[in-house]
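Here is a quick walk through a two-chain model, written for someone who already has it open. Take a look first, then read on.

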Amino acid sequence: MDSRLITPYIESTVQIIRQMTGIEVTELSDPAPGSGELSAYGVTSVITFAGTIKGRLIIDFQPELALQIIKNLMGEENPPLRDRLMLGCIAEINNIIAGDANTLLNNQYGLGLRLAPPMVVTGGKMMLASSKVESVTVFGRTGYGDFKLNIAFQGGLAS
Amino acid sequence: MKRILIVDDSPMIHNLLRKTLERNGYEVCGDAANGREGVELYEKHRPDLVFMDITMPVMDGIEAVKTIKGKYPEAKIIMLTAMGDDEIMSEALNAGVEVFLKKPFDDYKIISAIAKVI
């Protein structure tokens with residue numbers, strides 16, 4: 001997949017997590033082509049967007065990291081992970097990350113991407129499958145746990 | 001005390017923005033989860049200022065701004081949204097918003113924007 005479509009999501013993730021929660025991403029893998037299936041860590045947010053091309057961003061957090069993010073954002077000492085407000089935090093972070101990256105792509109390449117409202121799912125041993133779009137996965141690490149980004153696009157940039 | 005209405009589908013934004021506004025001496029007079037609720041609460045409370053998201057179910061923020069400004073041209077609205085590209089910013093400003101802000105936000109960003117409007 002064209003790296004010009006991927007890099008903004010990776011950079012926005014690192015920057016927004018730091019800015020909103022104070023949590024630093026200490027390690028990032030190189031983007032690897034997705035197989036169409038994603039084995040989820042447990043707290044997973046999905047957001048889709050469409051313009052001249054269609055795309056999707058999945059951010060998947062280990063529960064310990066999701067809890068720390070919520071704790072830092074909301075000031076809750078022991079946040080209940082399945083609470084609507086707490087899950088809404090994870091959805092909104094995905095929304096802000098995707099919005100930030102899409103803003104850059106729209107201004108640079110005129111893609112006209114618009115976001116749909118995000119959704120969050122939780123649970124152990126989930127498998128997310130989508131074989132119809134090309135995707136890449138990036139693994140990230142923080143001091144509180146790991147996360148994955150899965151970025152998918154249908155269509156590409158004009159060269 | 002100036003009264004402010006928050007229109008956003010994210011409970012987290014309501015929570016964080018309410019805290020920011022209240023610790024800086026503003027009263028939050030209403031919380032709406034979509035544009036239609038925002039229009040209804042604007043008519044009910046006639047707040048001094050509205051913070052409005054764009055991407056929301058039922059009625060989006062641009063449509064809600066047009067509806068409110070169509071009936072109440074004196075309404076003061078700050079758009080606070082995840083997307084901030086040139087096209088969407090221009091659409092929001094053409095709809096009549098006073099200030100366009102991109103999320104995330106901090107106290108300084110919010111209070112500086114309010115100072116420009118009311």
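## Confidence in chain A

Keep in mind that this is a predicted model. For chain A the average pLDDT is 91, and 98% of its residues score at least 70.

Which elements of chain A sit at the two ends of the confidence scale? Strand β1 (residues 25–28) of chain A has the highest mean pLDDT, at 98, while strand β8 (residues 127–129) of chain A has the lowest, at 77.

## How chain A is built

Chain A has 3 helices and 10 strands. Reading from the N terminus, the order is α-β-β-β-β-β-α-α-β-β-β-β-β.

What about its overall dimensions? The C-alpha trace of chain A spans about 50 × 30 × 30 Å along its principal axes. Its radius of gyration is 15 Å, which agrees with the value near 15 Å that a compact globule of 159 residues would have.

Inside the chain, 43% of the 159 residues are buried. Among contacts in chain A with a separation of 6 or more, 71% are between residues 24 or more positions apart.

## Where the chains meet

Now for the interface. It brings 16 residues of chain B into contact with 20 residues of chain A. On the chain B side, the elements that give two or more residues are α1 and α4 (86–95) of chain B. Of these, α1(B) gives the most, with 4 residues. Sorted by class, the side of chain B that touches chain A has 7 nonpolar, 4 polar and 5 charged residues.

## A helix pair across the interface

How do α3(A) and α1(B) lie relative to each other? The axes of helix α3 (residues 84–109) of chain A and helix α1 (residues 11–23) of chain B come within 7 Å and cross at roughly 95 degrees. An angle from 65 to 115 degrees counts as roughly perpendicular, so that is the description that applies to α3(A) and α1(B).

Here is who meets whom: α3(A) brings R84(A), L85(A), G88(A), C89(A) and E92(A), and α1(B) brings P11(B), M12(B), I13(B) and N15(B). By class, the residues of this contact divide into 5 nonpolar, 2 polar and 2 charged.

Where in chain B does a cis peptide bond turn up? It joins K103(B) and P104(B), with omega at about 0 degrees. P104(B) is in the loop between β5 (99–102) and α5 (107–117) of chain B.

R46(B) has phi near 45 degrees and lies in the loop between α2 (35–45) and β3 (49–52) of chain B. V58(B) has phi near 70 degrees, and its place is the loop between β3 and α3 (61–71) of chain B.

R46(B) has 13 within 10 Å, so it is partly exposed. V58(B) also counts as partly exposed, with 13 C-beta neighbours inside 10 Å.

Conventions
Residues numbered from 1 in each chain as written. Chains lettered and ligands numbered in written order. Predicted model: local features only at pLDDT ≥ 70, side-chain atom pairs only at ≥ 80, totals over all residues. Axes fitted to C-alpha atoms, helices over the stretch in contact; angles between N-to-C directions. Parallel < 35°, antiparallel > 145°, perpendicular 65-115°, else oblique. Contact = placed C-beta atoms within 7 Å. Nonpolar A, V, L, I, M, F, W, Y, C, P; charged D, E, K, R; others polar. pLDDT = per-residue confidence, 0-100. Rg over C-alpha atoms; globule rule 2.2 N^0.38 Å. Buried ≥ 20, exposed ≤ 12 C-beta atoms within 10 Å, placed from the backbone.
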